[in-house]
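Here's a quick, friendly tour for anyone opening this structure for the first time. Have the sequence and the 3D view at hand as you read.

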Amino acid sequence: MRQGLDRSMGEGSRGSGGLSLGKRYWRSLEELAASPAFRERIQQEFPELAEELVAPATRRSILKVMAASLALAGLTACRWPKERIMPFAYRPEGYVPGVPQHFATALELGGAALGVLVKSYDGRPIKVEGNPAHPSSLGAATAWAQAAVLEMYDPERSTTLVRREGGQRRVPTWDDFLALATEHAASLQASGGAGFAVLAEATSSPTVLALKNRLEEQFPRGLWVEYEPVSRDFERTGLAQAFGGPVRPRLHLERAQVIVGLESDLLFGHPEGLRHARHWGAARRAEGGTMPRMYAAEALLTVTGAAADHRLALPAGHMGALLRQLAHELARAGLALPAGWGAEAFAPGSPEARFAALAAGDLLQARPHGLVVVGPAQPPEVHALAAGLNEALGAVGTTVSYLPDPEPGRRSHLDGIARLAAALAEGTVQALWILGGNPAWDAPAELDFARLLAACPQTVHLSLYDNETSQLCRWHLPRAHPLESWGDARAWDGTVSVVQPLIEPLYGGRTLAEVLAALLGEAALSAHDLTRRTFAQQWGGGDEGWRRALSDGVVANSAWAPLRPRLNPEAVEAAARGLELPPAGGQELVLHPDACLHDGRFANNGWLQELPDPITTLTWDNAATLSPEDAQNHKVRHGDVVRLSAGGRSVEAPVLVVPGQARGVVGLALGFGRQAGGRVAAGAGINAYPLRTAAAPWAVRGVHVERTGRRRLLATAQDHHVIDTLGMAERGRRVGSLIREASLAAYRANPEFARNTAWAKARPLWKEIEFKGEHQWGMAIDLSACIGCGACTIACQAENNIPVVGRKQVANGREMHWIRVDRYFAGDPADPEVRFQPMPCQHCENAPCESVCPVAATVHSEEGLNQMVYNRCVGTRYCSNNCPYKVRRFNFFNNFKGVSPTTRMAFNPEVTVRGRGVMEKCTFCIQRIETARIAAKNERRPLRDGDIVPACAQTCPTRAIVFGDLKDPDSEVSRLHRHPRAYGILEELFTRPRTLYLAKLTNPAAPAGEGEASS
Amino acid sequence: MSAVPLDLDNTLERPGERAPLVLGKSDLASITEQVCEIAERPRPSREWWLAFGTSASLTLVLFAMLGYLFWTGLGVWGINQPVAWGFAIINFVFWVGIGHAGTLISAILFLFRQKWRTSINRFAEAMTIFAVICAGLFPAIHVGRPWFEYWLAPLPNQMQMWPNFRSPLLWDVFAVSTYFTVSLMFWYMGMVPDLATLRDRARSKIRQIAYGIAALGWRGSGRHWHRYERAYLLLAALATPLVLSVHSVVSFDFAVSQLPGWHATIFPPYFVAGAIFSGFAMVLTLLIPVRRIFRLESLITPRHLDNMAKIILATGSMVGYSYIIEFFIAWYSGNPYESFTFLNRALGPYAWSYWIMFTCNAIIPQLLWFKRFRQTPGLLLVISIFVNIGMWFERFVIVVTSLSRDFLPSSWGVYWPTWVDLLTFLGSFGLFFTLFLLFLRFLPIVAMAEVKSVVPAAGLELGPHRGHGQYWGEIPHQHDEENER
Amino acid sequence: MSSHADGKGRLWGLLAEYETVPAVLEAAARVRDAGYRHFDVHTPIPIHGLDEAMGIRVSRLPWLVAGCGAAGASAGLLLQWWTNAVDYPFIISAKPYFGLPAAIPVTFELTVLLAAIGAFVGMLVANGLPQFFHPLFRVERFRRASNDRFFISIEARDPRFDPRTTRTLLESSGGKPVLEVEG
Amino acid sequence: MKSVDEPGRFVFPAWANLIRPALAIVLVTLPAYLVVLVWLGGSPKTTDVGYRPEQPVPFSHALHAGQLGMDCRYCHTTVERAAFAAIPPTQTCMNCHKQVRANSPRLLPVRESYASGLPIPWVKVHDLPDYAYFNHSAHLRAGVGCASCHGRVDTMEVVQQVHTLSMGWCLDCHRNPDPHLRPPELVTVMDWVAPGDPAEHGRRLREAAGIKPSVDCWTCHR
């Protein structure tokens, strides 16, 4: 069936394959996908997959018994059901069935593109990986990007157009819509677009931009606004103030020695987070004997704050003041700054003051290699001042550069939506086309956008899902998923990528550009034509260039050239003075995009719902996070539901106590509590948008917190329960030996600090078998580089068909992730150190799991791999008990029972789909090892280091994970295993793990005075 | 049931005189009558029906739970990561432990010539068989894919695969199945002469045929008796090390792993002591009511209770000692994981279970130092029930506390049973009592032939061995001195 | 019930009933001394000293059991060594393919199992059980053989058997009544 | 036969004692019978070998591969590059059958497929369990002939399974590949026989090409 499946699906319905194949095959797929035959085939192909992973085996064993009883009655009759092979009628040129192909494309989030390579197996995209050639990716991919595959196969995506009139729901065709569009266009011609408005989600697509401009020419009186609930507009505005015009900052961490970040989650919550993380991870290994230092001040604990050497927990509203304090200290330390930038905002000796002083000292040391970064949630003034400081430090050009803004004239998102709301309220807008986005759900609360929308006579909504907004619109148009569409997009630095489809739209969706084109009377043009046209106009459209753009995934030299904008000190000063100090007190609510679901658009994605939050390890929920002290003050515990009210609106959320969160701050993630989000999203978390206003979109002052007396079970992937003091103490004791670390200075003094000598003396009681394999696989994980972002977890999930088990099961400790990121807090709960430790199977040479398995379902390979053989497993779970790392995962149920045939198309056919009752675990991506090995042999060449890259290592933004052959002394992994920082955890148990960790290095400033950034 | 009527008290030690093992004026016929009458009653009492109805319906609950389990998957239980073993294994060890008393009484006491065993060994052996059946059930159902369980047997197959004989679980399979087979043979063999008695007394044709087949045509031939006794002695000699081995092997399931709190050399003796402890407790729990209901006080005398109480006291103290020494070892080994595990047992989230265990197993049995507690059936019953509870919790503590908090704090967890867990456990009691009640109804619950051989009426005060009746399996021409007075 | 059989059918032997253990021991000894072979004593309980009284040679059952045990032990060891170390060796925790310590439990269990089966089956076979039919079962009084009476039966096929003399022997040894049993 | 001392109870008839010999016989023979039954009945030899489903098109390998002597790779083109030896697309058939037998009724499904672009639903003959990953290219490179697993397809009117394809069968060859090896360029030669002793010949090939078939579980099961 798996193989049968791939044949039937694949050969039968071979999709894109990029260009050479032309469109014919997509058509054939479209027909197929629609045809009942196809559906039925999936139906009959997949149930076996779902039922028992080893359906054939089950059948086989049953047959054995049958056969025995029927021994004398024509046994040859006994055989499992027929399988059919569906070969092509016409096989595409150069296509080999069952051999995956990779296609370069791009995914866009909030107007910034991420270049990716998509692995397509017999026409089914099954895995998204970063595109090394793309500046924002450098080969890595974020969780949401990798989960795009699952989103594309989501059976709950809208499959048809919908027309809602007077309470009834009809299903029109695209032709009906085109009719409407042309007629509408005609009427608009007359009025010059008066009463017509477009609300688009942010996009960087040159094609869309071009169409937009033409639209504005044609309908000058029309209104075009852009809205994203999560945007960097404050930064844009702030820099506009400082430089007299919007510019886009680009950070260069590779050149930074001292970074001061205020609410700046620059390693994770930034369009170029992957790139930042790569450079950060590279530098933090201190290979050159030096490493950068980071100061982070933030209200909520973030990945970046966890990575920082000095962290200050401070309410978001105090950042401006802190920045002025910093300016003050800089000035005092001798940096020439205009008076009025700095101010003594905090009492001398206060933590804030000390933090600022320390940072200032280091910045001054680093000068051009210093960098001040402010997060997107901070008001523009703070950004302006930060820009001023960078200018003063001479950092511009080294650690930060400025690029032109793609649309200088664009209204900021908040203005835009407010303006539109006003127009709707006045009734000056009769026709509103919403292209993407979900404003009815995520627009600022006080606008009451949903009501206005419902009142608008003609509304059209283009969207992947028939969501909250669609349900209030007259027309809903199914949108083609990026992996199904032609298009283009620009990276943060302007680099253009062509978006190419991996498969024909499953539900006949169309792209944003196509819809616009329809309005411009170009309905005849497909997205492909439109994209090519733009490409031809802007990048000289020879087929040659187009082909290269497609295969590279980027258009050469399309990045913006850096500008050298002139800073306006007065403006900065004005901005600085605008920063109130000391800020008003009161409980502050900090809203933030969820680490996995972003603004909520990914809410129906099981992988992302179940991906633990890097800091809280919370899954399937958002929670009101509180610092331990505040929790005590409010007399609430983990899981108590509290009511948060501000500005007359309130929401109820369960409490989650997070060490290291600023006092007087409640954190709450956006993106949960969808009403029309789909079956997966249903019941996950609570909606925070009601508390979000245009005036205070991020930090809401004066929030009232009261207990409701109710409780909610929170599904965290770690600490499945509140740990008692005894456990706390013990955990504290153990972390030190699990995650070994030293400051840079200590490391210089004693490079071997992490070596474990205790176990080295241990001797085996028996004569150990040595492995005869020609390769000996091993892994090294650098804890200095790891920032705990969790990208590896999703990569592994996508690569290895790891099931999603759901909220209740996670709460019961039954999550299935093969590689988890262990998160430990150490030290003072008010200001803890946060440590991350990715934990895949350690592939111990003396694997404790093996000797206890009664059926030898887990045994060692000659190449030193701890093999788990699903089809031999009877499920005693003894191996899991005996695994000191607890990396084994058991299928307590048939986890794929409910999974729809469409979603199953995302399966990786190279990996068995495990059924109920078997144990599973990390395999070091054996399927990749075997594929590479066979390829090498077929080419009659030896395996080279780097031929094999497991999914986790491939996607790791910081390259913290390295895999390879330990027998080859020159391989990267061998080098790392010899590295002085290398150690294995729980070595004293004599398990001889094949996965070694490289001890973590930190770079705290020496106590005040001789603070010195390594350089 | 309070004090014992004096004429039925054989617990006083009269120097120079051997206390009678059977009380009252019982001769061969009366013993036959007294025991067979129970199995021959035309219809069982209302109490029996009540008990049977209850336990039978509990058995149905068990089967319902199994059906649900097999249909849905192990997820219906409370087990998770890291606590991958839960009630199933706890109950398994609990029942296996109980299944020790029978063979111990019949085999070891037999070899030590403790003739008082004769009145209770049949009963205890029956209990053993049924307990082992319940025990065997759990490992069988606790695996993820029961339909592949035959892979644990070394059968040739097209995969050319063999089981892994290095796994303690496989040792377990062999140990428990061997123990069951041998116990069963031992029990049945001992029963053959009594089945013959029932056959010979039977009135209805069905009973005559049924018991006739069961008795294998036994006719008390002297030549048969000779080989019979020899075989019985040999079985006893074989069963004795077996009893000790079984729970040792069960303990290997834990001791051979490397989990803190499991990986301990003390486990085999500790488990065996615990097993005998719980086994005798269960024997008493069943025996005391039965002897009362079926008026068997003259055969199962206070002295029997007293002896068993002493064994409970002894083994209970051993168990208590193990509890304490475990702490010592944890501290003395200097192994931080080990020490934490034990601190965690006594003070952690599962401390309550630890202290239930400690009180029931190590403290309460100490009351048996007092004669009154040993010889008042009521009190003894209460104590033995406490021991049963305590021993179940011992297994709970061992399995759950060690698993829930092992090496990496990141993967610590908690375990709570689901309603399926609880009903399955309850159901296993149903199965146990169903079988037991059937035993009471249809089989000779006291080994008549053996008891007869120790009553004076056997007339054996004549001849070389006067005064103490027949030694089953005594090696001929070999008498112990004290009897030569 | 009448105490002598009527003429029909072949005579199988004589059956004498005794009240007490000493009596039957006494009688058994006399029957043995009279040189009878095919006689037997039927008792509800095993009687010590009966072996001598009847002149039964000590059973060889122990040797059988020892043999079975040895077979079990070697089977166990061979099985584990051949399957895990020879036929399909897997690398398990880098431990030796065959290690005696790990092999002991299974070996031990198999030893005991086979030995026990040997003892049980051996006893049955040697005793010729199951034997559902036996002429004695025809005798009503014989029911008490499993209850509280002791019997001696002498078979007609014994060379020394003579209906009259044998009967007098039994009666003189205190057997009361003495019945003829038909086969 | 009756005795005056008539027992008031049931006495088993004399023949009941036949139970002993009967029991003896059963105890000896039954296990043996069961073993044989399961052994023969359960083995893939009985269940799988000889599987010979009817195909939608009566394609004769005997004709094409045999008489016409077409090379396997003419149709199964991907066999040297991929895990699967793909079934050829309809195009391939029509390369010849545009002219040859252009309107034979037996080729109707082929022509239909060619016209409609929809696949011909062939029935899978050599069907491994889904958790077993077999790679054709690797085996061809090592020099395992098609015939070694598929038998003399060139003589089959209707293709049928000739080997068990069971795990044990795979292992036999992975443990001792020599007798099954041949020069890689000759893998498709159906009637190839080793010059001299196959084992010896294979050993030389193996050592020359450094072929080390793995018996690690994950070689086939992932």
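**A quick briefing**

A:Lys886 makes a salt bridge with B:Asp406, and the closest N and O atoms of the two are 2.9 Å apart. Bear in mind that this is a predicted model.

**Where chain A meets chain B**

- On the chain A side, 63 residues are in contact, and they touch 62 residues of chain B.
- Put together, chain A and chain B bury about 5200 Å², and carbon and sulfur atoms supply 56% of that.
- Looking at the chain A side, it's A:Arg734, A:Arg872 and A:Arg916 that lose the most area to chain B, together 14% of what that side buries.
- The salt bridges between chain A and chain B come to two, and the pair formed by A:Lys886 and B:Asp406 is one of them.
- Polar contacts link 35 residue pairs across the interface of chain A and chain B, counting pairs with both residues at pLDDT 80 or more.
- Several elements of chain A give two or more residues to the side that touches chain B, including helix 4 (55-69), strand 31 (820-826) and helix 29 (878-882).
- Helix 24 of chain A brings the largest share of that side, with six residues.
- Sorted by class, the side of chain A that touches chain B has 28 nonpolar, 17 polar and 18 charged residues.

**Where chain D meets chain A**

- Here the contact draws 55 residues from chain D and 61 residues from chain A.
- The buried area between chain D and chain A is about 5400 Å², with 57% of it from carbon and sulfur atoms.
- In chain D, the residues that lose the most area to chain A are D:Phe84, D:Trp218 and D:Arg222, together 18% of what that side buries.
- Chain D and chain A have two salt bridges between them, and one of these joins the side chains of D:Lys124 and A:Glu83 (3.8 Å, N to O).
- There are also 21 residue pairs in polar contact between chain D and chain A, both residues being at pLDDT 80 or more.
- Elements of chain D that give two or more residues to the side touching chain A include helix 2 (44-47), helix 5 (90-97) and strand 1 (122-123).
- Helix 1 of chain D gives the most to that side, with four residues.
- By class, the side of chain D that touches chain A splits into 30 nonpolar, 15 polar and ten charged residues.
- Strands pair up across these two chains as well: strand 1 (residues 84-85) of chain A and strand 1 of chain D run antiparallel over two bridges.
- In that pairing, A:Ile85 has D:Trp122 as its bridge partner.

**A closer look at A:Pro351**

- You'll find A:Pro351 in helix 13 (residues 351-366) of chain A.
- A:Pro351 has a relative accessible area of 43%, so it counts as partly exposed.
- A:Pro351 and A:Leu312 are 39 residues apart in sequence, yet their C-alpha atoms are 7.8 Å apart in space.

**Inside chain B**

- Chain B has 16 helices and zero strands.
- Of the 485 residues in chain B, 67% are buried.
- Among contacts in chain B with a separation of 6 or more, 80% are between residues 24 or more positions apart.

Note on methods: Residues are numbered from 1 along each chain as its sequence is written. Chains are lettered from A and ligands numbered from 1 in the order in which they are written. This is a predicted model: local features need pLDDT of at least 70, side-chain atom pairs count only at pLDDT 80 or more; totals for chains, interfaces and linings use all residues. Side-chain values use heavy atoms; hydrogens and water are left out. Contact means heavy atoms within 4.5 Å. Buried area is the accessible area (1.4 Å probe) that two parts lose on being put together, summed over both. A salt bridge is a side-chain nitrogen of Lys or Arg within 4 Å of a carboxyl oxygen of Asp or Glu. A polar contact is a pair of N or O atoms within 3.5 Å; within protein, one must be able to donate a hydrogen and the other to accept it, and residues adjacent in sequence count only if both atoms are side-chain atoms. Ala, Val, Leu, Ile, Met, Phe, Trp, Tyr, Cys and Pro count as nonpolar, Asp, Glu, Lys and Arg as charged, and the others, Gly among them, as polar. Two strands pair if DSSP finds at least two bridges between them. Buried means under 20% relative accessible area, exposed over 50%, partly exposed in between (1.4 Å probe, protein chains only).
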